[in-house]
Amino acid sequence: MNSDPENGSGNGRQIEGEVDIDTTMSFAKTYQPPQREKAYSSWESMVLAYQSLGVVYGDLGTSPVNVFSATSFTNLSEDDLLGTLSLIIWTLTSLVLVKYVFIVLHANDHGEGGTFAIYSYICRHIHFNSKLTIHNTRLESDCTGGRSPLSTRAKDFLERSSSAQNFLTVIVLLGTCMVIGDGALTPATCALQGIQSRSSKITRDHVVWISVVVLVALFVFQRCGTSKVSCLFSPIMLIWFATNVSIGVYNIFKYEPSILKAASPHYIVKFFMANGKTAWDLLGAVFLSITGAEAMFADLGHFNKRAIQLGFSFVVYPSLIVTYAGETAYLVKHPENIVDAYYSSLPNLVYWPMFVVSTLAAVVASQSMISACFSIVKQSLALGCFPRVNIVHTSSKHQGQVYSPEINYILLILTVALVVGFKGGVELANAYGVVVIWVMMITTFLTSLVMLVIWKTNVVVVLGFLVPYVLMEGAFMTSLLRKIPQGGWVPFAISVLFMTVMMSWTYGRSKKTTYEAENKMSVTELDEALSSNSSICRTPGVCFFFTDLVHGIPPIIRRYIHHMNSVREIMVVVTIRTLPIKTISPEERLHVGKLGRNGVYRCLIQFGYKDAEDIDGAKYADFIAAKLLELTDDTGEKRKIQSAMKKGIEFVTGRTILKADKTSGVLSRFTIDYMYRFLQKNSMPAFSAVRTPSDATLQVGMLYEI
């Protein structure tokens, strides 16, 4: 089903009689669902919190396997270990618990999370009109109190400055592409973590091909949907967290009962004063403890805010603290085992059972980023910033639980290529988490903007959020930069690939939208073209012309009329769109209106996301005709419609091709003539859900020279 932004989401009304649709926000009565996050009972939130363990927290939950082994320390003292543990505790607390769980999760767009969701949330309160911003959205009224002078100035500046709007759009696209890049890297890394063996008989090639088999099975399983995935994975993660807590408590009491004194941040100060640059370099390893935080926000749409908060606050966070404390307590007595800290700290009695659980948990760790990629691609489609792909809603209860076959296959190919290409080497491990810090910084900036402009938070509070987190995340970023030559370039390369795709598509769509807005056909022009004084022949029958343009009559209809030099005596301009609700009742599904005075009508067909995405053109032609008969009281007009339906039906779809004009620059010509045209040719057709008889279907093409 077409989900283009041009399908619109503005408030509409029933068209009666002759309406100049160029002056209306919409051309038909549209069903607008309540624009707020669905209310859940406490029990439903607890169930979702449990399910989220297997989808959202795999990456965060398995981080204890990697963090200490990623450090480059030798000859560790107890103070070094306490400082490292204190860094981990306060990083988890400040950047995940406080920032994401208690603040950022509130900056969601109707229950959807991620950088694109924050951007959409901003677009609903600030009027964007730059060339790169093609998301036409209904502005929401302010309902959170008076606006401060600084908030007003910031809002006015953003609405006036196309450069600021373009900058905001570019960094949002960049953040989104980085999440996708990490989505390809995380499964490749995690698949290798849980299947390492101490046996010398298992070579690296064995590990690589076992990883490939596991990854293929994981990606094939995605089509079952979030609910089924969580049913399998959530018990695994619950066992993982429970056993880690038990082992952590055991290690604390056995090796160093006072280890939790590391909760005091003064150990961080002592650690940096004693180790200097070495401590700074260690930040890159500590950051691995929170690499799943951004995925937690991006996966919000699969569950809900309360479920994410409950799952992290009462299960994941305390489990991680106890697990890291247990590892550190063990290392106080056995510092030489830091290169394999997690597995070395396991009691011999439970080593092999935990090895099996950790192997399963490592596979689950990939799920959070895979689900996040599906969510952000869905959001990108809604904003018109990604080529059309199939989005399958896998749940009738939760709109955010989605799956995209094309994205799933792309991630599978990239992940397998990374595993086979790097063979699980150190470069792949170094690449892990490098781009996530940039996404976190973008999220900090966007959330600060939301606080200032939308929530109208006091500027002191905004700065109290922005400045500390920019400093903390900036410190992690500088530490991670040294990993770029050592393999950290991989996720950046993947991000650049997706950034090129999204920027090309966004630019092409914006140029197409601008062209259609400037060249659309008015109702007056349509009436003149079809008047009795014109040379246009009105042939018997009905023509159903499919278009995705909501606001006005697309220029391709003008081209069709003038080049064919004939129009059926009844012509219906049809637009199809999907609304963000589960289903549309039959009486709300079809809406028609009269367009001008000469037998031209407009029809809106709308579906919910779980309605059957299959339109039988002939069947819907009868439905539309019945609606047209209900629309008019003119007996002559009714006879004309009935007679035309008996004389034949024609289905016309428009196809537009963009071409850069001679005044365009080299980059613009390359983007439009090659990149956008390639993406347009290989993306899903706008009306792929429409089934029409081949002998009654005509495709009309038009070249837009822009």
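How many helices and strands are there in the chain? There are 26 helices and 10 strands, taken as DSSP runs (helices H or I, at least four residues; strands E, at least two) and numbered from the N terminus. This is a predicted model, in which local features need pLDDT of at least 70, side-chain atom pairs count only at pLDDT 80 or more, and totals for chains, interfaces and linings use all residues. Residues are numbered from 1 along each chain as its sequence is written, and side-chain values use heavy atoms, with hydrogens and water left out.

**Confidence**
- The average pLDDT (the predictor's confidence in each residue, from 0 to 100) is 84 for the chain, and 88% of the residues score at least 70.
- Over residues 1-36 pLDDT stays under 50, and the model has 119 contacts beyond four places in sequence for them.
- Residues 134-138 also stay under 50, with 18 such contacts.
- Where pLDDT is low, the predicted coordinates should not be read in detail.

**Packing**
- Of the 706 residues in the chain, 59% are buried, meaning under 20% relative accessible area (1.4 Å probe, protein chains only).
- Among contacts (heavy atoms within 4.5 Å) between residues at least 6 apart in sequence, 83% join residues at least 24 apart.

**Surface**
- The accessible surface of the chain is about 28200 Å², and carbon and sulfur atoms account for 61% of that surface; the Shrake-Rupley method with a 1.4 Å probe gives these areas.
- Val-460 lies in helix H19 and is exposed (over 50% relative accessible area), because its relative accessible area is 60%.
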